[in-house]
Amino acid sequence: MSRRKKILLITLKLLITSGFLYWAYSGVDRSLWVTLRRASPYWITLGLLFGLLTQVLSAVRWYVILRAASVDVAMKDFIRAHLIGSYFMIVSIAGIGCDVARTMVLARAYPEKSMAIGASVLLDRLTGAAAIALTYFLFLFLQIAHIPDDAGIEYRELLRYGNIVFAGTLVFVIACFVFALPSMYPFMKNVKGRMKSLVIIPETINQCRKNGKLGLLALVVAILIVMAHFACFASAVESILPECSWGSIFAAMPVIDSLCAMPISISGLGVREKLFQIYFGAEIGQSEALLAASLGFFLSMIWSLVGGVLFLFGKAPLIKSDEQNTLPEQKKTGTLGA
């Protein structure tokens, strides 16, 4: 992509995001800022800790998946890749930049494992999708959230959207694991050219399936991530309006997050605020719901800025291929290809 196109794309993203934020915040009265100044420091601090816990558990999940896929990397390189990826989660549309950044940073340090690293990032994403879908249906089964009597058509359509999307998510994740079974490999042998290297993706997924305990651990950690992330937003609401319904927040967040993940605005800014108003406006007030959405986003993403500092000012990791560790004499005598 040319430099001019990149500038145009970034400008378009900023304009769309600004439009959504204006749409969300237009009509907000000044008492909202008074409410923000009165927010409980205790709950804001707790929200920050939940945000930190989300980041730590996210790193643990990816590391467990790498171990399950038998991909060995140095811890310092892994942490660097994870932190930089977290930064790109908040500056890219739909969080796609996070996956690309993690893959590129870690693959630069281990070029011989680049396809396996990319496959682990894809599997990490699938595990997260499965966790949030399972959480959604668990909350639905337990009837943690109740539909308000005065719920409008928007609220009810969002519930229908959640049923369809998360059922489809589970079907897609199961299909990915089915196509990664060894019995499907004969079909992949017909793949030729550059696409042949993509066979490493189902092989990596199947390797994680073989290491069932680590795979199950990754799913459990993914569910804990979902809970910590939702608790971060619940803390934001609690800081503004004590004694809020955490059950309603936890039940609504899967739908809110899935819509914010769509490639509409940067990090779902503006979209999240309007969805909070639809879900919680009647319960906690329209302005308060708007403020809680922005505050929750801040509390959950502030730790990602550490990765931004590392990306802007850190040094690139050295390439650690097998060739680098080979003795110079071996290179001169040509024994590498023997």
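1. Contact here means heavy atoms within 4.5 Å. The model is predicted, so that local features need pLDDT of at least 70 and side-chain atom pairs count only at pLDDT 80 or more, while totals for chains, interfaces and linings use all residues. Residues are numbered from 1 along each chain as its sequence is written, and side-chain values use heavy atoms, with hydrogens and water left out.

2. Leaving aside neighbours within four places in sequence, Arg61 is in contact with Asp124, Thr127, Gly128, Ala218, Val221, Ala222 and Ile225. Arg61 counts as buried because its relative accessibility is 11%, where buried means under 20% relative accessible area, exposed over 50% and partly exposed in between, with a 1.4 Å probe and protein chains only.

3. Val237, Cys244, Ser245, Ile249, Phe280, Glu283 and Ile284 line the largest cavity, a cavity being a set of points on a 1 Å grid over the protein atoms alone where a 1.4 Å probe fits but cannot get out, and lining residues having an atom within 4 Å of a point.

4. Tyr136 and Phe137 form an edge-to-face aromatic pair, with 5.2 Å from centre to centre and 75 degrees between the planes; rings of Phe, Tyr and Trp (its six-membered ring) pair if their centres lie within 6.5 Å, and planes under 30 degrees apart count as stacked, over 60 as edge-to-face and the rest as tilted. Tyr136 is buried at 3% relative accessible area, whereas Phe137 counts as partly exposed at 27%.

5. Ring pairs also link Tyr42, Trp43, Phe139, Phe230, Trp246 and Phe250 into a cluster.

Methods: On a 1 Å grid over the protein atoms alone, a cavity is a set of points where a 1.4 Å probe fits but cannot get out, and a pocket is an open set with protein on both sides within 12 Å along at least five of seven lines; lining residues have an atom within 4 Å of a point.
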